[in-house]
Amino acid sequence: MTEELDPTAQDSDGGSEEVVLTPAELIERLEQAWMNEKFAPELLESKSEIVECVMEQLDHMEENLRRAKKGDLKVSIHRMEMERIRYVLSSYLRCRLMKIEKFFPHILEKEKTAHEGELSSLSPEELVFAKQYMANTETYLKNVALKHMPPNLQMVDLLRSVPKPDLDSYVFLRVKVRQENILVEPETDEQRDYVIDLEEGSQHLIRYKTIAPLVASGAVQLI
Amino acid sequence: MFCEKAMELVRELHRAPEGQLPVFNEDGLRQVLEEMKALYEQNQSDVNEVKSGGQSDLIPTIKFRHCSLLRNRRCAVAYLYDRLLRIRALRWEYGSVLPNALRFHMSAEEMEWFNRYKKSLATYMRSLGGDGGLDITQDMKPPKSLYIEKAECIKDCKRSAKTMGADLKDLSLDKEGII
């Protein structure tokens, strides 16, 4: 279920619905994506459409401001708004880059084995960045140390050496869409697994792994 | 004791607080690599002896040396990788041009890695959005001026201004608006 978020309503391919968002809704989506990304231990789905639309909005606002009268109160307010939006957008993209750099072998491995039609967690530009980061680091390690080591030790498996994201870490969330029968797996041998319902509007502290798919579907919001 | 030099490299970084980059310990790394070479050659000759003479009491020593080799490699790679992470942080802290003091602490290869990282990041940032891209190394903190000014209403402004996120209701005479 992909939504075309482009306010200029361009042709979308493959039977996706076109939903035109108001600017306020677009910014709300951006903030939700930003918070989810900040609090999730792993890299989430790429939201390139939101990023593109927000950048367009920022351009429009800049245009309007240039044409406005100087000293108009609205100018200061709109400028402040623009700064806020730019901060949230930058912070969102920075958060993603940091995770990409931190978990690069695992993320790239996942991309390789992803099936057709599965939503990518990397935008095309992020994928290029990730590959360059990996190549850069591998080349460096090889030239500075590995190629001077005994022949049977020259290969380092980055998938094993670089830590994976900790999906068992706890996150705070708020429920947006009621969920039933969520299976909570036990942490220790003494516990048994149990089933919970998530009421709309309730807030929980729970292991990320249990609710990861709900974050992707938008049923819960990380806070 | 084997791997002492390797442990020293790791300890050196452990002692340096986050964000600091000590001088690249070229000597230390070289000694670790030399020790690895020596261990490997000793193992090679022992392995040949075992193969030909069947002296199986050499096997524990071979295993021990192999463990030392693995440990040396792990420490060396950890040392180099951790330094890369610190160098990466420098780009975000100081921008594209590093202060001279820091540059002298980096090896030539580390400098190359840094330059390539810078370039890769710049390409990514340029690709964002439509025309010029977005410099995400700016706007590191939320905008500070939550309040622009205390506006004293001297005129009755009946128009309401709509912004992206909020509606400014009518500004009327009896209120002092703090925006």
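The crossing of α1(B) and α2(B) is left-handed, meaning that the near helix is turned anticlockwise from the far one by less than a right angle, with clockwise giving right-handed. This is a predicted model, in which local features need pLDDT of at least 70 and side-chain atom pairs pLDDT 80 or more, while totals for chains, interfaces and linings use all residues. Residues are numbered from 1 along each chain as its sequence is written, chains are lettered from A and ligands numbered from 1 in the order written, and side-chain values use heavy atoms, without hydrogens and water.

Helices here are DSSP runs of H or I, at least four residues, and strands runs of E, at least two, numbered from the N terminus. The axes of α1(B), residues 4-15, and α2(B), residues 26-53, come within 8 Å and cross at roughly 145 degrees. Axes are lines fitted to C-alpha atoms, for helices over the stretch in contact, with angles from 0 to 180 degrees between N-to-C directions. B:Lys5, B:Ala6 and B:Leu9 meet B:Gly28, B:Leu29, B:Gln31 and B:Val32, contact being heavy atoms within 4.5 Å.

Next, chain A. The axes of α3(A) and α5(A) come within 10 Å and cross at roughly 35 degrees, and this crossing is right-handed. From α3(A), A:Arg96, A:Leu97, A:Ile100 and A:Glu101 touch A:Glu126, A:Phe129, A:Ala130 and A:Tyr133 of α5(A).

Last, the pocket. α3(B) supplies the largest share of the lining of the second largest pocket, 10 residues.
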